[in-house]
Amino acid sequence: WGGRPDKLRPTTCNARTYLQPQLNKAVRIQDKLTKGDVNLKDWIIFYTSQVAAANATRDNTGKTSYVEEMVFPTLDFPSDHA
């Protein structure tokens, strides 16, 4: 993502369901993108004089692709970070 990450390209997209503890944090499925945790959270910090980034991508499928607005983890992708 370089020196200026795009806020519109999140690396997390998850929301607590009504089947999980802490019901006060549960989110309806239609509100998952507005009330869920959809943020940039994964950072690799380095000096550009020492290292160069070469293929920065996101993956929320386990198949080297990214599905926009998909909540994860899933059965196929058990992490909550892309």
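**Close-up views of a predicted model**

**View 1. Thr 64 is an exposed residue, because its relative accessibility is 70%.** Exposed means over 50% relative accessible area, buried under 20%, and partly exposed in between, with a 1.4 Å probe and protein chains only. Phi of Thr 64 is positive, near 60°, in a residue other than glycine. Thr 64 lies in the segment after helix H1 (32-35). This is a predicted model, in which local features need pLDDT of at least 70, side-chain atom pairs count only at pLDDT 80 or more, and totals for chains, interfaces and linings use all residues. Residues are numbered from 1 along each chain as its sequence is written, and side-chain values use heavy atoms, with hydrogens and water left out.

**View 2. Glu 69 is not a glycine, yet its phi is positive at about 65°.** Glu 69 belongs to the segment after H1. With a relative accessible area of 54%, Glu 69 is exposed.

**View 3. One helix and zero strands are found in the protein.** The radius of gyration is 15 Å, well over the 12 Å that the globule rule gives for 82 residues, so the protein is more spread out than a compact globule. Helices (H or I, at least four residues) and strands (E, at least two) are DSSP runs, numbered from the N terminus. The radius is taken over C-alpha atoms, and the globule rule is 2.2 Å times the number of residues to the power 0.38.

**View 4. Of the 82 residues in the protein, 18% are buried.** The C-alpha atoms fill a box of roughly 45 × 25 × 20 Å, taken along the principal axes.
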